[in-house]
Amino acid sequence: MQAIIYLSRNIGFESELDIQDMISFAQEQNAKHYITGYLYFANNMFVQYFEGKKEQVDSLWTNISKDPRHEVLFSSRSEINERRFNTWYMRDWTSSTRVESFLNEYLSEQLQYLSSNQSSFIDTIFPKESKVWKIVDNIGKATNPLEPDL
């Protein structure tokens, strides 16, 4: 199984309704292909995480990366042993709780930092991308996705 997380800038979604339509479509398609994950949108930026079988993840990533409505600034792929978000076919955290919003804002900031190609001494000790995956793990633990919440 694989997971992808990415940060992108909105350049083509003109309204909140456009984004909600995209999320509804994604939820329907992801349920068919057993792709799970979430989407966070704030300040004209998307953070999306999704997971599933390699073939489905590859196919979805090809479609997402070619979508002209956004510009991908950073992405990372990881092999996973088990799903972090077992029942979320595309959880929408656009209007989320304070804790979830805080975690995702922090993740968004980290992804923006990674996309800027800046580096620091701490990055030589702890690879930048490992920080991102640790945050994703913490989001999974903090939000307890064991309960269905589609």
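**View 1. The exposed face of helix H1 in a predicted model.** On the face of H1 turned away from its buried side lie the exposed residues Leu-17, Phe-25 and Lys-32; exposed denotes over 50% relative accessible area, buried under 20%, and partly exposed in between (1.4 Å probe, protein chains only). The model is predicted, so local features need pLDDT of at least 70 and side-chain atom pairs count only at pLDDT 80 or more, while totals for chains, interfaces and linings use all residues. Residues are numbered from 1 along each chain as its sequence is written, and side-chain values use heavy atoms, leaving out hydrogens and water.

**View 2. The buried side of H1.** Ile-19, Met-22, Ile-23, Ala-26 and Asn-30 are the buried residues of H1. They lie on the same side of H1 because they cover an arc of only 100 degrees around the axis, taken from the directions from the helix axis to the C-beta atoms. An α-helix has 3.6 residues a turn, so residues three or four places apart point the same way. The cover over these buried residues includes strands S2 (36-42), S3 (45-52) and S5 (91-92) and helix H2 (54-66); helices (H or I, at least four residues) and strands (E, at least two) are DSSP runs, numbered from the N terminus.

**View 3. Surroundings of Arg-9.** Arg-9 belongs to strand S1 and is partly exposed, with a relative accessible area of 34%. Leu-73 stands 64 residues away along the chain, yet the C-alpha atoms of Arg-9 and Leu-73 are separated by 7.1 Å. Not counting residues up to four places away in sequence, Arg-9 touches residues including Asn-44, Glu-71 and Leu-73, where contact means heavy atoms within 4.5 Å.
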